[in-house]
Amino acid sequence: MDVKRFSVGTIVGAVVLFATGWVIFNYLFADWYAANTGSATGVDRAPEAQIMWAFVVGAVAYAAAITYALGRGSAQWSIGEGAKVGAVVGFLIWATADLSLYGFSNIANLNRTLVDPLLELVHGALGGAAIGMTGGMMRKG
């Protein structure tokens, strides 16, 4: 994979992951997440106190992981292949994080721990689809 495809895929993927993550987790499922916290208190930041640069850097890292996986494992860059790779990467990253956090903290209950990686199948697939589409439109080299 060339640097241009990796860079563009990461940027496009980060924008899509940031936007779709905001909609999925801060709007569509915000109430559900709030109802499925663990016994820890004062953990979530209020929306006006959230740290945007951390969200952006996280989206860039997430997109870079998907772009890297897509570029290493597939000769074809496409929307479908990107969605598959993004779904797998998203699920694996968040299953790791959520189950680890569940094991050593009281941040989330078991329902939230198990559902969050499943929602990441959708979130990661959307980002991966954008990355696959973008990379597929670029000529190799």
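Reply: A residue counts as buried under 20% relative accessible area, as exposed over 50%, and as partly exposed in between. Please keep in mind that this is a predicted model.

Me: Is I93 buried, exposed or partly exposed?
Reply: I93 is found in helix α4. Its relative accessible area is 35%. Buried means under 20% and exposed over 50%, with partly exposed in between, so I93 is partly exposed.

Me: Which residues does I93 touch, not counting residues up to four places away in sequence?
Reply: Helix α3 meets α4 through residues that include I93 on the α4 side. With residues up to four places away in sequence not counted, those that I93 touches are Y62 and A65.

Me: How far apart are the C-alpha atoms of I93 and A69?
Reply: Along the chain, I93 and A69 are 24 residues apart.

Me: How many residues of the contact of α3 with α4 are nonpolar?
Reply: On the α3 side the contact involves Y62, A65, I66, A69 and L70, which meet residues of α4 including V85, V89 and W94. Three residues of this contact are polar and one is charged. The number of nonpolar residues is nine.

Me: How are α4 and α5 oriented, roughly parallel or roughly antiparallel?
Reply: The axes of α4 and α5, the latter spanning residues 110–137, come within 6 Å and cross at roughly 150°. Angles over 145 degrees count as roughly antiparallel. Therefore the orientation of α4 to α5 is roughly antiparallel.

Me: How many nonpolar residues are in the contact of α4 with α5?
Reply: In this contact, seven residues are polar and three are charged. The nonpolar residues number 16.

Me: What is the handedness of the crossing of α3 and α5, left-handed or right-handed?
Reply: These helices pack at an angle of about 65°, and their axes are 10 Å apart. Residues of α3 in the contact include Y62, I66 and T67, while those of α5 include H123, G124 and G128. The crossing is right-handed.

Me: Is G124 buried or exposed?
Reply: G124 lies in helix α5, and it touches L17, Y62, I66, G86 and A87 when residues up to four places away in sequence are not counted. Its relative accessible area is 0%. As the limit for the buried class is under 20%, G124 is buried.

Me: Which residue of α5 does L70 contact, apart from G132?
Reply: Beyond four places in sequence, L70 is in contact with residues including Q76, W77 and V85. Its partners also include G132 and, as the residue asked for, I131.

Key. Residues are numbered from 1 along each chain as its sequence is written. This is a predicted model: local features need pLDDT of at least 70, side-chain atom pairs count only at pLDDT 80 or more; totals for chains, interfaces and linings use all residues. Side-chain values use heavy atoms; hydrogens and water are left out. Contact means heavy atoms within 4.5 Å. Axes are lines fitted to C-alpha atoms, for helices over the stretch in contact, and angles run from 0 to 180 degrees between N-to-C directions. Helices (H or I, at least four residues) and strands (E, at least two) are DSSP runs, numbered from the N terminus. Angles under 35 degrees count as roughly parallel, over 145 as roughly antiparallel, 65 to 115 as roughly perpendicular and the rest as oblique. Ala, Val, Leu, Ile, Met, Phe, Trp, Tyr, Cys and Pro count as nonpolar, Asp, Glu, Lys and Arg as charged, and the others, Gly among them, as polar. Buried means under 20% relative accessible area, exposed over 50%, partly exposed in between (1.4 Å probe, protein chains only). A crossing is left-handed if the near helix is turned anticlockwise from the far one by less than a right angle, and right-handed if clockwise.
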